[in-house]
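Dear colleague,

I am passing this structure on to you, and below it you will find my notes on what turned up when I went through it. Please read them with the structure open beside you.

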Amino acid sequence: MQTLKRYKWTWLMLLVALGLAAYLAVGYWNKGNDKLPVIGEVQDFTLENVDGKPITLADTEGKPRLVYFFFTECPDVCPITTFMLSQTQDLLKKDGSFGKDVEFVSISFDPLNDTREAIKAFADRFHADYSGWYFLRGDQEQVRTLAADSFKVLIYGDNKDNFAHANLIGLVDRNNRLRGLYDAGDTENVTPEFLAGALKKLARES
C-alpha cells in the first residue's frame, strides 16, 4: 500500500497517457488505415491454464489474440470487461472464426486467490469457450512484469483489497506483436463488434 501511495501521481499520469494512447489507437483503426502499427513485442511466458497445463507464448502464436489482465474478485471492471469479451466471443462463433482463426487470453495477477477452480468458476459465469479462450495464472511478479513490459498495463497492490490496474485490452497478431491497446471503459468505441472486427482484420493480414 505504501508503494501505491508513493507513486500515486506517477501512476495516474501514466494511466492518463495510456488512456490517450488507447483512444488514438481506436481512432487510427476507425479511419480505415490498412494496418495498425506495431507497438511492441510480447515477451515469452510460461503460465498455468485453467486445466492445469503449462502454456507458453509459443502455444498461443499463429492466431491474432485479445489479451486481458484480471483478478476474479475484482469488484468492478474485470467482470464487466470479461462480459464484453464473452459477447465478442459469441460474435466470432457465429462465423466460425473463434478458436479456429482467433483466440482470447485472460491472465490473472492474483495467484493467492485465483486458483484454477476459482478461475474456472469465474470463466463459466461468462460461458467462456475454452477451445479458443485461455485462462492463465502464474507467479504474481512474473505476470506483473509481463503486463507492464509487453502490454503497458500497470498493476499496483499485492492483494485483492488494494489492487489497482489499467483496464486495457491488448490486440496481438499471429507473430506475437502488440498491435493495439484499447481502453475497455471507452464503451462508445470499444465494443464487441469493434473487437471482433479488429481480430478478423488481423487474421486476414498477410
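The bridge partner of E48 in strand β6 is R137, and this pair belongs to the antiparallel pairing of β2 with β6 (residues 133-137), which rests on two bridges. Please keep in mind throughout that the model is a predicted one. Strand β2 (residues 46-49) also pairs in the antiparallel sense with β3 (residues 54-56), here over three bridges, and in this pairing T46 stands opposite T56. Four residues lie between the strands of that hairpin, where G52 takes a positive phi near 90 degrees.

These strands are part of an open sheet of eight strands with mixed pairing, in the order β1-β10-β9-β4-β5-β6-β2-β3. Because β1 (40-41) and β3 stand at the edges and have a single partner strand each, one side of each is left without a neighbour in the sheet. Elsewhere in the sheet, β9 (residues 168-172) and β10 (residues 177-183) run antiparallel and are joined by five bridges, with L181 in β10 as the bridge partner of G170.

Two helices that pack on the sheet deserve a look. Helix α4 (residues 77-94) touches β4 (65-70), β5 (103-108), β6 and β9, and its direction makes about 160 degrees with that of β4. Helix α7 (residues 192-204), for its part, touches β4, β5, β9 and β10, and its direction makes about 20 degrees with that of β9.

As for annotation, an unreviewed UniProt entry lists C74, C78 and H165 under "binding site". Although these residues are spread over 92 residues of sequence, they cluster in space, the largest C-alpha distance being 10.4 Å. C78 is found in helix α4 and counts as buried, since its relative accessibility is 0%; H165 lies in strand β8 (residues 164-165) and is buried as well, with a relative accessible area of 13%. Leaving aside residues up to four places away in sequence, C78 touches Y68, F70, F71, F122 and H165, while the contacts of H165 include C74, C78, F109 and L154.

Finally, a word on helix α6 (residues 140-151): at 1.5 Å a residue its 12 residues should span 16 Å, which agrees with the 16 Å between its end C-alpha atoms. At the start of α6, a side-chain oxygen of D139 comes to within 3.1 Å of the backbone nitrogen of E141, and just after the helix K152 takes a positive phi of about 60 degrees. Among the buried residues of α6 are V143, L146, A147 and F151.

With best wishes

Key:
Residues numbered from 1 in each chain as written. Predicted model: local features only at pLDDT ≥ 70, side-chain atom pairs only at ≥ 80, totals over all residues. Heavy atoms only, no water. Expected span 1.5 Å × (residues − 1). Buried < 20%, exposed > 50% of the residue type's maximum accessible area, 1.4 Å probe, protein only. Polar contact = N/O pair within 3.5 Å; in protein donor to acceptor, adjacent residues only side chain to side chain. Pairing = 2+ DSSP bridges. Contact = heavy atoms within 4.5 Å. Axes fitted to C-alpha atoms, helices over the stretch in contact; angles between N-to-C directions. UniProt positions renumbered as here; feature names shortened; annotations may be inferred.
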